[in-house]
Amino acid sequence: MSTDTLQKYVQKMKRLRVDRAHGVAPHKPLLLLAVIELIERGQIRENKIPLSPDLAETFMRYWSKVTNRKPNIALPFFHLKSDGFWYFHPNAGYEKVLDVTDRITKISRLREVIAYASLDDDLFVLLTNAGKREIIRQTLIYVYLLEFKGGIESLITERQQITEYEQSLSSEVEQPFSPQKLTALIPVESPIRSAGFRQVIMGLYDYTCAVCELRIVTMDGESVTDAAHIIPYRISKNDDIRNGISLCKLHHWSFDKGLISLSKTYQVLVSSLMSDRRPTEWRLTELQDKSILLPERNQLYPAQDALAWHREEVLRR
Ligand SMILES: [Zn+2]
């Protein structure tokens, strides 16, 4: 790719049509920073950018560094189309709506009408290159967000550390599983560690509870599921992916309290303390022997050693 292409987009970024009225946060640059982060994290791998909870949550993190006001991601997501490098791809049956609509400001409506947005192909390719991506990012920060530079850059660094930790966890599965981690993989502060662990487990199970398959993700990126440790972190110090599982709040609690566990063949075991004769406990007892949801690659399944430990030490009999 030529330097000309980079220059062309640096110029385009400098000339975004933004509302510079007093007190209005620059929506478009913040949305573009969020898109850039998702490309960097490998969450966006092809030139298709849906208005996803991931994107909304990322946008809101940047937004919170700039203002306390309530954001509406629908505004920049929609209006970026006027800047000449952002295109809409409608859901089937909505082609006409998009032709005649001049303004959509509701997230739910945008998600109904638009399957995803895309960038100019050469801009997308440019953003997959770390060095060029950084130039575009710095342009956006310097032109529109200079007074918030410190906060935004520390957010970017923190995210990069989380992604790095996540990648180190992913490469760890090449090694045999060991229940106890004696030395930390890399010295990391705990918020980064737990965010990296969560990110990798949620990526694997797509925010779905392995036990009941409940999946709820709100548009601000909250989900009903937790990244649970099979052998608790305080005991194992082990963020190995195979010591993790995605569980909804109820099943995370039940698992930690020993009311449920998992068999060698990845089926639910319910504690004998639970009885389906009690009025509401059937919600757990009915899960007995249910096969759980597992990641695609069996290399990433919960480790047998970890499950055996949980049955032995936690499951109440
Ligand atoms: Zn559940």
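**Labels and their grounds**

Analyst: R278 counts as partly exposed, because its relative accessibility is 42%, a value between the 20% and 50% cut-offs. The model is a predicted one. R278 also forms a salt bridge with E281, with 2.9 Å between the closest N and O atoms.

User: What makes the contact of R278 with E281 a salt bridge?

Analyst: The criterion asks for a side-chain nitrogen of Lys or Arg within 4 Å of a carboxyl oxygen of Asp or Glu. The closest N and O atoms of R278 and E281 are 2.9 Å apart, so the pair meets the criterion. By this rule the count comes to 16 salt bridges. Salt bridges with shared partners also join E37, R41, E57 and R61 into one network.

User: Why is the contact between K28 and D83 called a salt bridge, and what does the pair tie together?

Analyst: The closest N and O atoms of K28 and D83 are 2.6 Å apart, and the limit is 4 Å, so the label applies.

User: How do you know whether K28 and D83 are buried or exposed?

Analyst: Buried means under 20% relative accessible area. K28 has 7% relative accessibility and therefore counts as buried. D83, at 11%, counts as buried too.

User: Which label do R242 and D240 receive, buried or exposed, and why?

Analyst: R242 has a relative accessibility of 7% and so counts as buried. D240 is buried because its relative accessible area is 1%. These two residues form a salt bridge, with the closest N and O atoms 2.8 Å apart.

User: What makes the site of the zinc ion tetrahedral?

Analyst: Four donors count as tetrahedral if all angles lie between 85 and 135 degrees. The angles among the 4 donor atoms of the zinc ion run from 93 to 118°, so the site is tetrahedral.

User: How do you know which residues are donors to the zinc ion?

Analyst: A donor is an N, O or S atom within 2.8 Å of the metal. The zinc ion is coordinated at 2.0 to 2.3 Å by C209 (SG), C212 (SG), C248 (SG) and H251 (ND1), so these atoms qualify. The spacing of the donor residues in sequence is C-x2-C-x35-C-x2-H. Among them, C248 is buried, with a relative accessible area of 4%, and H251 is buried at 5%.

User: By class, what makes up the lining of the largest cavity?

Analyst: The lining has 8 nonpolar, no polar and no charged residues. It is formed by M13, L32, V35, I36, L119, L123, L127 and I136. Met, Leu, Val and Ile count as nonpolar, so the class follows from the names. Helix 2 gives the largest share of this lining, 3 residues, and helix 2 and helix 7 (121-127) each supply at least two. The largest cavity holds about 40 Å³ of space, and the structure has 1 cavity of 30 Å³ or more.

Methods:
Residues numbered from 1 in each chain as written. Predicted model: local features only at pLDDT ≥ 70, side-chain atom pairs only at ≥ 80, totals over all residues. Heavy atoms only, no water. Buried < 20%, exposed > 50% of the residue type's maximum accessible area, 1.4 Å probe, protein only. 1 Å grid on protein atoms, 1.4 Å probe; cavity = no way out; pocket = protein on both sides within 12 Å on 5 of 7 lines; lining within 4 Å. Points joined across faces, edges and corners; volume = space filled by probe spheres on them. Helix = DSSP H or I, 4+ residues; strand = E, 2+ residues; numbered from the N terminus. Donors = N, O, S within 2.8 Å, 3.2 Å for Na, K, Ca; no water. Tetrahedral: all angles 85-135°; square planar, octahedral: opposite > 155°, others 65-115°.
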